[in-house]
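Please load the model in your viewer and keep the selection panel at hand. The tour goes from one selection to the next.

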Amino acid sequence: MNLWRLERLRLLRTGRWIALGAVFLLLGFGEPLATRYLGELLSGATGNGYIHVTATKPQPSDGMGAYFGNITTLGTLVVVVIAGLAFSVRANPPLAALYLTHVPGRIRLLVPRLVTIAAAAALASAAGGAAAAYETTLLLGAPAASGTAIGILISSLGAVFAVAVTFLAAMFLRGQVATIAVALGATFVAVPFANLIPGLRDIGPAAFIALPKNLQLNAWSADATWATVVTLLLAAVCVGGGLWRASRWEL
């Protein structure tokens, strides 16, 4: 059995693909539904009291924006957890010894695992985006085609970016919990903090992650191009740095 088939079977038989698909599809179908009826629910909850809630009629961009806004948190969380579990090769010392002594070269061992998880995260994100577009069209009307398509692509690349960050953390750390904690800290703390730096505010990973939601109302811009380029370069650096660190592993 080659390693590519092994990683596909590991993803399927451990049920990790279910967790990925369930979260993205649940948000994809649920967020436009919640956006459609949230105003009515809030109005009914206030009753005849002194507090009254007035909600404007939701637009298609609101449904897709709600999905893209929530997927950057919940979607990233599940991607990091799944990736952290998969990349922590040395968390189980006997199994790690078997891998590292029987597979010649760290790249041959790790690349199939990295590509499999990245592809699964991207496909799950794309499926969630397609579900959100379908549900939004049914409930709120058709969203902007170009902005929605590009937004789904960007959100899928954002999932791949989270996988790359987790891969780098896993190559330096042994434990699964430590890997997941560091990767979550990098994505939820370091990335937003970098957004405070004036030079990176409009072209950094935080701006890239916010692109899918922003494209519902705004056209593509030069800053969006730079944010995409910078984020993809950072992802490549994370992968390259992780492979470099793995080449210096000791049993």
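The stops below cover charged pairs, a surface patch and a pocket.

This is a predicted model, in which local features need pLDDT of at least 70 and side-chain atom pairs count only at pLDDT 80 or more, while totals for chains, interfaces and linings use all residues. Residues are numbered from 1 along each chain as its sequence is written, and side-chain values use heavy atoms, with hydrogens and water left out.

**Stop 1: the salt bridges.** Select E7, R10 and R113, which are linked in a network of salt bridges, a salt bridge being a side-chain nitrogen of Lys or Arg within 4 Å of a carboxyl oxygen of Asp or Glu. The structure holds two such bridges. In the pair of R10 and E7, the N to O distance is 3.1 Å; these residues are three apart in helix α1 (residues 3–13), and therefore separated by about one helical turn. Helices here are DSSP runs (H or I, at least four residues), numbered from the N terminus.

Now keep E7 and turn to R113, where the closest N and O atoms of the salt bridge are 3.3 Å apart. This pair links distant parts of the chain, with E7 in helix α1 and R113 in helix α5 (residues 106–139), 106 residues apart. Is E7 buried or exposed? E7 is buried, at a relative accessible area of 4%, and R113 is buried too, at 6%; buried means under 20% relative accessible area, computed with a 1.4 Å probe and protein chains only.

**Stop 2: a nonpolar patch.** Select L25, F29, Y134 and L138, which make a nonpolar surface patch of about 400 Å². Helices α2 (16–46) and α5 each give two or more residues to this patch, and Y134 is placed in α5. Patch residues have over 30% relative accessible area and no salt bridge, with nonpolar side chains joined within 5 Å; the areas come from the Shrake-Rupley method with a 1.4 Å probe.

**Stop 3: the largest pocket.** Select I71, T72, T73, T76 and I209, which lie nearest the centre of the largest pocket, among the 23 residues that line it. The elements giving two or more residues to this lining are α3 (60–87), α6 (145–172), α7 (176–194) and α8 (205–214). By class, the lining has 14 nonpolar, nine polar and no charged residues, where Asp, Glu, Lys and Arg count as charged.

Conventions
Buried means under 20% relative accessible area, exposed over 50%, partly exposed in between (1.4 Å probe, protein chains only). Patches are made of residues with over 30% relative accessible area and no salt bridge: like charges are joined within 9 Å, nonpolar side chains (Val, Leu, Ile, Met, Phe, Trp, Tyr) within 5 Å. On a 1 Å grid over the protein atoms alone, a cavity is a set of points where a 1.4 Å probe fits but cannot get out, and a pocket is an open set with protein on both sides within 12 Å along at least five of seven lines; lining residues have an atom within 4 Å of a point.
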